[in-house]
Amino acid sequence: MRKYIVAGNWKMNTTVPEGVELAKAVVEKAKSLPANVELVVAPPFTHLAPVAEALKGSKVALSAQNCADHEKGAYTGEVAVNMLTSIGCQYTILGHSERRQYYGETDEKLVVKTQLALAAGLKVILCVGENLEEREANKHFEVVTEQTKAVLYNFTALDMKNIVIAYEPVWAIGTGKTATAAQAQEIHACIRNVIEAKFGAQVAQDMTILYGGSCKPSNAKELFAEKDIDGGLIGGAALKADDFIGIATSF
Ligand code: PGA
């Protein structure tokens, strides 16, 4: 059974009190959502424990935006997977294009982080996506295929149950420029084929593949109507509870 997910990536926004308030507003508005849509919020590390408190008893799941590539020890400034699970985190985003671009996140590192996260019992939202140059050079299928294989082909069919893929064309992130539903659908279908080639048809059918990049209430319906788009990874629009929930009610 494929799960529909709308996940909010808050990035480096909100203070802790603002974040707690936002989480509470999401919880309140999420009450009217159908049971087949899972909501996830991914605040900054500093917010995780108080936001976990605010989410208690709700259907909204908690995610980190990243995790360390080591289990513990002398890694100043890093946050380990067992620290995340110890406060009730259920997910972590990995491989967001901002991390790949600004913080040198490589596929090799993402394999290690994914291993650590899964071993700790965290689910992983793995981001893939081409940049503008790659899209203009007509390399988007190739880039996304390679990114998906480079990380996920190191794992098993069983591991795939705890992995969600987010297709986020870099040129659409925070730019107000959304991929058209058709553009997103053809890449999502491609990703599903990449999963099927290694793990079989059932695993591919069950895989949740999210779209991310300027997704908002006004375009979510059209995107989510595509057969291989199973929800969204939302940046800017996740910072307003009404917009976030508006997206989640677009299925
Ligand atoms: P955006 O960000 O919705 O602000 O474009 C999406 C993301 O980066 O996850």
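Me: How do you know whether α1 passes α11 in a right-handed or a left-handed crossing?

Reply: The crossing is right-handed. A crossing takes that name if the near helix is turned clockwise from the far one by less than a right angle, and left-handed if anticlockwise. The model is predicted, with pLDDT of at least 70 needed for local features and 80 or more for side-chain atom pairs, while totals for chains, interfaces and linings use all residues. Residues are numbered from 1 along each chain as its sequence is written, and side-chain values use heavy atoms, without hydrogens and water.

Me: What angle and what distance describe the packing of α1 and α11?

Reply: Helix α1 (residues 16-30) and helix α11 (residues 241-248) pack at about 40°, with axes 9 Å apart. Axes are lines fitted to C-alpha atoms over the stretch in contact, and angles run from 0 to 180 degrees between N-to-C directions. Helices (H or I, at least four residues) and strands (E, at least two) are DSSP runs, numbered from the N terminus.

Me: Which residues of α1 and α11 meet?

Reply: L22, A25, V26, K29 and A30 of α1 meet A241, D242, F244 and I245 of α11, where contact means heavy atoms within 4.5 Å. Seven of these residues are nonpolar, none polar and two charged; Ala, Val, Leu, Ile, Met, Phe, Trp, Tyr, Cys and Pro count as nonpolar, Asp, Glu, Lys and Arg as charged, and the others, Gly among them, as polar.

Me: How do α7 and α8 cross?

Reply: The axes of α7 (residues 140-152) and α8 (residues 181-199) come within 10 Å and cross at roughly 35°, in a right-handed sense. Among the contact residues are F141 and V144 of α7 and I187 and C190 of α8. By class, this contact has nine nonpolar, three polar and two charged residues.
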